[in-house]
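Subject: Structure handed over, with notes

Hello,

Here is the structure you asked for. Please look through the sequence and the model first, then read the notes below.

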Amino acid sequence: MREFELIEEIRTHNRELAACGGAEVLIPPGDDMALVRMAGRRVLIAADQVIGGRHFAAGTPMSLVARKALARNISDIAAMAAVPSCAVATVALPAGMPDADVRALADGLRAAAQELRCPVVGGDVGTHASADAPLVVSVTVLAEPGPTGRVVTRSGARPGDMLCVTGTLGGGWNADGSGSHLSFTPRVAEALALVELLGDRLHAMIDISDGLGRDAGHLAAESGLTAEIDAERLPLAAGADWRAGIGRGEDYELAFACDGAPPDALCGTPVTVVGHFIAGTAGRVLVRAAGAEHDASSLGWEHGS
Ligand SMILES: [Mg+2]
């Protein structure tokens, strides 16, 4: 079973579970974070992990592994235009991992928590039976709505809306595992500024972790629309071509739908209009490049989530 099919099945069943008691579920599984009401307050929650050999290459410094594990969760907080509260983390260590590496991982998580203003308040450390098993760092984050109280979801784009992105695309993950996925700054401040600036003109948002092709597809699917991307408008990272900009993933920028022109920049981060939404097959993404039109689902993906 493919990863996305499995996630969809889990989401479907968990939506049914949302009514079983406990917190009141305001945004069920299927967005960048869930939103629940607890003790009268709205709280956002999400979990994400990094797996050795999959999300970071062998030889990656432990400090950067730890940072990525926390930062990609905080990118999901940015996608909802929320503010980080705190996190818990679990690690599964390969058997026999050197103490110095374990310490570097713990130090790295602490440093990342400070930098990203999201204290790590608990967790667990376990060890695999095998030395060949990958290092896994899993982080759960809690967040609160920003000053406006607005939480932005993947649904809500309307026909004619512009599709916009922050920063540059295609430089997140290079073939050797290097790239900005080890050093990116989650766009929390940019998302909060966007909500303030655009107000009701901001209709939907997601962070680009799977590649713009897939993530624009999530916005389109949840909004019941088709997205069209103009490859020539993509703000490409140095050395990236449009296929990398659409498909490579790990950019951790924001993609959003808005009515009318977006600001040129947010908190010093450039904003680019790369396409728009139209009525059509829900979740379809069309890419116009060099006079040809491609269905993004046929382009292939170089690196998944
Ligand atoms: Mg996300």
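Asp207 has a relative accessibility of 1% and therefore counts as buried, since buried means under 20% relative accessible area. Please keep in mind that this is a predicted model.

The metal site

Asp207 is one of the protein donors of the magnesium ion; the others are Asp32 and Asp76. Along the chain, the donors follow the spacing D-x43-D-x130-D. Asp76 lies in helix α2 and Asp207 in strand β8 (residues 202-208), so this pair ties together parts that are 131 residues apart in sequence. Is Asp76 buried or exposed? Asp76 is at 10% relative accessibility, so it counts as buried.

Helices α2 and α3

Helix α2 covers residues 62-79 and helix α3 covers residues 99-115. The two pack with their axes 7 Å apart, at an angle of about 45°. α2 and α3 are therefore described as oblique to each other. Their crossing is right-handed.

Which residues make the contact between α2 and α3? On the α2 side they are Met62, Ser63, Val65, Ala66, Arg67 and Leu70. On the α3 side they are Asp101, Ala104, Leu105, Gly108, Leu109, Ala112, Ala113 and Glu115. By type, the residues of this contact are 9 nonpolar, 2 polar and 3 charged.

Thr60 sits in the loop between β3 (41-51) and α2. With 10% relative accessibility, Thr60 counts as buried. If neighbours within four places in sequence are left aside, Thr60 is in contact with Val65 and Leu182. Val65 also belongs to the α2 residues that meet α3.

Helix α4

Helix α4 spans residues 188-198, and its buried residues are Val188, Glu190, Ala191, Ala193, Leu194, Val195 and Leu198. What do the buried residues of α4 pack against? They pack against helix α2 and against the strands β4 (82-93), β8, β10 (253-258), β11 (265-266) and β12. After α4 comes Gly199, which has a positive phi, near 55°.

Two single residues

Val36 lies in strand β2 (residues 34-38). Its relative accessible area is 12%, so Val36 is buried. Val36 and Val25 are 11 residues apart along the chain, and their C-alpha atoms are separated by 4.5 Å. Not counting residues up to four places away in sequence, Val36 touches Ala23, Glu24, Val25, Leu26, Arg41, Arg42 and Val43.

Where is Ala282? Ala282 is in the loop between β12 (269-278) and β13 (285-289). Ala282 has a relative accessible area of 48% and is therefore partly exposed; the cut-off for exposed is over 50%. Between Ala282 and Gly217 there are 8.4 Å in space, C-alpha to C-alpha, although the two are 65 residues apart in sequence. Ala282 touches Ala220, Ala221, Gly224 and Leu225, again not counting residues up to four places away in sequence.

A place to start

Regards

Key: Residues are numbered from 1 along each chain as its sequence is written. This is a predicted model: local features need pLDDT of at least 70, side-chain atom pairs count only at pLDDT 80 or more; totals for chains, interfaces and linings use all residues. Side-chain values use heavy atoms; hydrogens and water are left out. Axes are lines fitted to C-alpha atoms, for helices over the stretch in contact, and angles run from 0 to 180 degrees between N-to-C directions. Helices (H or I, at least four residues) and strands (E, at least two) are DSSP runs, numbered from the N terminus. Angles under 35 degrees count as roughly parallel, over 145 as roughly antiparallel, 65 to 115 as roughly perpendicular and the rest as oblique. A crossing is left-handed if the near helix is turned anticlockwise from the far one by less than a right angle, and right-handed if clockwise. Contact means heavy atoms within 4.5 Å. Ala, Val, Leu, Ile, Met, Phe, Trp, Tyr, Cys and Pro count as nonpolar, Asp, Glu, Lys and Arg as charged, and the others, Gly among them, as polar. Buried means under 20% relative accessible area, exposed over 50%, partly exposed in between (1.4 Å probe, protein chains only). Donors are N, O and S atoms within 2.8 Å of the metal (3.2 Å for Na, K and Ca); water is not among the atoms, so sites may look incomplete.
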